[in-house]
Structures are given as structure tokens and as C-alpha cells.
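Hi,

Here is the structure I promised to send over. Have a look at it first, and then read on for what turned up when I went through it.

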Amino acid sequence: MHGNLSRKEEKRAAILKAAAIVLREFGPKRATLDDIARQAGLAKTSLYYYFKDKKDLVQAIIRDDLEYKLKLMADAVDAHQSTEAKLCALMEVRYFFVIDHMQRTGRIPAVGFEPLSAEFILEKEPLLYAIKDLVEEILGDGVQSGELRPIDDLDSTALIIFASM
């Protein structure tokens, strides 16, 4: 075992990594469980021990990636004290995600999920709300500390700032 991961968790992570490679190469519609199993060095039947089907596997990849990104953003924000520094840190991390995505796929992130069906795009929704909530928390703390003047509609203001990122 590496660190505190069990063998099952390690194998699941290896499958997710292999699946991400295959999905980038073939796209979610053309990629098959056979392709993913071959990339992972496993029998196709082994995949079913970890995932119900290809949809479940793709959703897990998206969910894990989004949770990782949210943690990086929250950590970047937590490393700073002032409202301005927190917002700048959040935007900087978001910027690096956009650049990384463009370098890997050749597409801007808004287009990056285009080949996915609506059921997969819904996996992204909780992250979007979490980022908006993070912006709202930063703004609320800024108002409370006196760094920002009172904001009448914190929710809408956070949404506008997040949408501009």
C-alpha cells in the first residue's frame, strides 16, 4: 500500500487514470470498457468490481477531478488573510485550470464537456455551486471584516464574480 490507500483504492485510482487516458484519446462515446481495461492492464470483468458500467466510471472521473480542483481552490483561498488576496488566489487557481485544460484538450473548458451527454454535465454542477459558495463566503467575510462595504445581494454578486472567472 502507498500512504493510506488500500489495495482496492489503489486499483480504483489506476482504473480511473487509465480511463481518463482512453477518454481523452477516443472521447466518451467511442471509448469502450475493453479499451479502458486494456489500458489498465486488467480484464474487462475486473472493471465491474469497481464500477457498474461506463457511465458510472465516467461520472467517477468527473467527480474525482472536480473534488480535487475544489480542494486546491479552497486551499489557495485559506492560505491568505485579506479578501483581495483570497479572491486573487481563487482566480489564479481557476486560471491555471483553464490553461491546463486548453493544453491537454485544445479546447476551452466551457467546450470541454460538450462531447459529454447531459447526464455527465450534471456531475459538474455541484462543483460550480461550491465555487460560487466559496466566492460568497469570501465576500461575506470581507463585509464582516470591513474590507468591503455591505453588499445587498451577496448570492447574486458571488454568482456574477464566479461567472466572470
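Let's start with helix 1 (residues 7–30) and helix 4 (residues 54–78), whose axes come within 10 Å and cross at roughly 105°. Bear in mind that this is a predicted model. Angles from 65 to 115 degrees count as roughly perpendicular, so that is how helix 1 and helix 4 sit relative to each other. On the helix 1 side, the residues that meet helix 4 are Arg12, Ile15, Leu16, Ala19, Ala20, Leu23, Pro28 and Lys29. Helix 4 brings Lys54, Leu57, Val58, Ala60, Ile61 and Asp64 to that contact. By type, the residues there split into 10 nonpolar and four charged, with no polar ones.

Next, helix 2 (residues 33–40), where you'll find aspartate 35. Is aspartate 35 buried or exposed? Its relative accessible area is 17%, and the cut-off for buried is under 20%, so aspartate 35 counts as buried. Its side chain makes a polar contact with the side chain of threonine 32, at 3.0 Å. If you set aside neighbours within four places in sequence, aspartate 35 is in contact with Val22, Phe26 and Arg30.

Last topic: the aromatic rings. The count of aromatic pairs comes to two. In one of them, tyrosine 49 and tyrosine 50 have ring centres 4.9 Å apart and planes at 85°, so the pair is edge-to-face. Tyrosine 49 counts as exposed at 56% relative accessibility, whereas tyrosine 50 is buried at 17%. The rings of tyrosine 95 and phenylalanine 96 also form an edge-to-face pair, because their planes lie at 65° and anything over 60 degrees falls in that class. The centres of the tyrosine 95 and phenylalanine 96 rings are 5.3 Å apart. Tyrosine 95 is partly exposed, with a relative accessible area of 48%, and phenylalanine 96 is partly exposed as well, at 47%.

Cheers

Conventions
Residues are numbered from 1 along each chain as its sequence is written. This is a predicted model: local features need pLDDT of at least 70, side-chain atom pairs count only at pLDDT 80 or more; totals for chains, interfaces and linings use all residues. Side-chain values use heavy atoms; hydrogens and water are left out. Axes are lines fitted to C-alpha atoms, for helices over the stretch in contact, and angles run from 0 to 180 degrees between N-to-C directions. Helices (H or I, at least four residues) and strands (E, at least two) are DSSP runs, numbered from the N terminus. Angles under 35 degrees count as roughly parallel, over 145 as roughly antiparallel, 65 to 115 as roughly perpendicular and the rest as oblique. Contact means heavy atoms within 4.5 Å. Ala, Val, Leu, Ile, Met, Phe, Trp, Tyr, Cys and Pro count as nonpolar, Asp, Glu, Lys and Arg as charged, and the others, Gly among them, as polar. Buried means under 20% relative accessible area, exposed over 50%, partly exposed in between (1.4 Å probe, protein chains only). A polar contact is a pair of N or O atoms within 3.5 Å; within protein, one must be able to donate a hydrogen and the other to accept it, and residues adjacent in sequence count only if both atoms are side-chain atoms. Rings of Phe, Tyr and Trp (its six-membered ring) pair if their centres lie within 6.5 Å; planes under 30 degrees apart count as stacked, over 60 as edge-to-face and the rest as tilted.
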